[in-house]
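Student: I have a model open and want to learn how to read it. Can we go feature by feature?

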Number of protein chains: 2
Amino acid sequence: MSVAAITTLVPVVRWQPDARGRLERAALELYAERGFDATTVAGIAERAGLTERTFFRHFADKREVLFGGSPVLQERLVAGLAAAPPSAGPLAAVGAALATIPETLPEERRAGAAQRQAVIDATPELRERELAKFAALTAAMAQGLRERGVGEPTASLAAEAGAAVFRVAFGRWIGGDARDLGTLLAASLAELRGVAADG
Amino acid sequence: MSVAAITTLVPVVRWQPDARGRLERAALELYAERGFDATTVAGIAERAGLTERTFFRHFADKREVLFGGSPVLQERLVAGLAAAPPSAGPLAAVGAALATIPETLPEERRAGAAQRQAVIDATPELRERELAKFAALTAAMAQGLRERGVGEPTASLAAEAGAAVFRVAFGRWIGGDARDLGTLLAASLAELRGVAADG
DNA sequence: ATGGTGATGGCAGCGGCTGACATCAAGTCG
DNA sequence: CGACTTGATGTCAGCCGCTGCCATCACCAT
């Protein structure tokens with residue numbers, strides 16, 4: 001038996017790629033199968049072919065593993081705000097930022113997003129974390145608006161409005177609305193404008 | 001030595017009163033002195049003259065001990081909504097509900113509220129819990145408005161507006177604004193109305 | 001007296017999370 | 001080409017949050 005054959009029996013490369021992604025997928029599967037409370041971090045790591053200690057090197061805690069996409073989304077939104085034409089008003093700039101979201105959440109990810117949301121909705125601890133992520137997102141957008149020269153409280157209000165639009169559109173998207181996310185975002189924003197124009 | 005004297009050496013009553021309140025005070029003190037993370041539940045219980053096990057009979061977890069007043073506040077707000085005259089519009093009803101808050105948070109509690117808020121602001125885990133409590137409060141107010149016949153999305157928007165007003169007024173109150181909480185709430189609500197009337 | 005009730009204590013144990021140290025493939029540089 | 005560094009992972013010990021289970025015992029009703 002050659003040396004090459006031996007080294008092939010044992011992993012050729014020391015570590016399989018994308019440890020973080022494997023942990024995220026394993027966690028979502030287990031949370032969906034058994035529930036969040038009945039899932040142990042050791043169990044997640046085992047399914048991912050890793051150890052518990054490694055899990056905590058990638059994620060701060062057992063909840064955070066479901067929110068790995070949050071920083072990406074936040075960066076995109078802030079970048080979208082900065083890229084909006086200077087002439088655009090606060091809500092128009094927010095709309096431009098929201099319009100970049102489908103790049104992060106294309107149609108292929110709809111089913112996965114829905115599964116993830118079902119898990120979150122079923123677990124108080126995860127809903128709490130989701131609120132915190134939303135608050136951070138809203139604060140970042142308010143900051144981005146201020147950097148465009150928007151004053152307070154307009155910046156905070158517009159950011160809150162943007163968050164509300166996202167919530168509504170995202171809920172429709174994972175709820176099975178046939179329209180794509182970009183269309184839903186635009187429609188929800190238009191509805192908000194309609195409501196604001198009334199009473 | 002009489003039997004009466006002996007029973008006085010050892011506690012006359014089996015348990016000191018207000019175990020829950022003692023735990024709340026001990027926790028706030030320790031969180032303020034050493035920080036949330038450096039405080040153990042066993043330490044809180046010890047300062048309160050109880051055991052760790054008893055702490056968890058009164059509070060679901062280490063964070064919840066700072067939010068014992070939340071259900072009371074929520075009940076008052078919902079009751080205030082229900083008590084507002086039927087002719088009052090959504091935001092006026094919310095204003096009437098907010099006006100009942102100073103009964104729960106009178107001037108004497110300002111210093112304690114400020115200390116508590118400083119601890120919360122210094123601890124991510126506690127800020128997360130605070131967000132959850134606020135969300136619950138907002139949902140309860142939206143529900144109360146719906147029971148007054150207010151439709152969606154007006155009910156949710158008015159509830160969010162009420163929460164924003166409370167946040168602003170409360171922040172000013174614990175920030176040392178000389179006006180009392182009732183005045184601050186009314187002023188903040190008036191400012192919101194002003195903003196809404198503009199662009 | 002007798003027995004029920006409710007708040008608390010004591011104890012064992014799981015699991016989340018952390019610090020410290022070891023391992024070892026792959027890259028870097030002389 | 002060999003020594004040295006780097007970085008992702010493994011291993012282990014240990015604290016602490018949190019829970020289930022059973023015991024205790026003042027108080028209260030009958």
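Student: How does the surface near DNA strand D divide into nonpolar, polar and charged residues?

Tutor: Near means that a heavy atom of the residue lies within 4 Å of the strand. Ala, Val, Leu, Ile, Met, Phe, Trp, Tyr, Cys and Pro count as nonpolar, Asp, Glu, Lys and Arg as charged, and the others, Gly among them, as polar. Here the division is 6 nonpolar, 6 polar and 9 charged. This is a predicted model: local features need pLDDT of at least 70 and side-chain atom pairs pLDDT 80 or more, while totals for chains, interfaces and linings use all residues. Residues are numbered from 1 along each chain as its sequence is written, chains are lettered from A and ligands numbered from 1 in the order written, and side-chain values use heavy atoms, without hydrogens and water.

Student: Which residues come nearest to DNA strand D?

Tutor: Of the 21 around it, they are Thr54(A), Arg57(A), Arg14(B), Arg53(B) and Lys62(B).

Student: Which atoms of DNA strand D does Arg14(B) approach, base or phosphate?

Tutor: A polar side-chain atom of Arg14(B) is 2.2 Å from a base oxygen. Thr51(A) places a polar side-chain atom 2.8 Å from a phosphate oxygen. Two elements each give two or more residues to this surface: α4 (52-58) of chain A and α4 (52-58) of chain B. Helices here are DSSP runs (H or I, at least four residues), numbered from the N terminus.

Student: Which residues of α5(A) are buried?

Tutor: Buried means under 20% relative accessible area, exposed over 50%, and partly exposed in between (1.4 Å probe, protein chains only). An α-helix has 3.6 residues a turn, so residues three or four places apart point the same way. In α5(A), Ser70(A), Leu73(A), Leu77(A), Gly80(A) and Leu81(A) are buried. Down the axis they fall within an arc of 100°, so they line one face. That arc is taken from the directions from the helix axis to the C-beta atoms. On the other side, Glu75(A), Ala82(A) and Ala83(A) are exposed.

Student: What covers the buried residues of α5(A)?

Tutor: The cover includes α6 (90-98), α7 (101-104), α9 (124-147) and α10 (154-174) of chain A.

Student: Where does Arg47(A) lie?

Tutor: In helix α3 (residues 41-47) of chain A. At 40% relative accessibility, Arg47(A) counts as partly exposed. Contact means heavy atoms within 4.5 Å. Beyond four places in sequence, Arg47(A) is in contact with Ala26(A), Glu29(A), Leu30(A), Glu33(A) and Arg34(A).

How values were computed. Polar contact = N/O pair within 3.5 Å; in protein donor to acceptor, adjacent residues only side chain to side chain.
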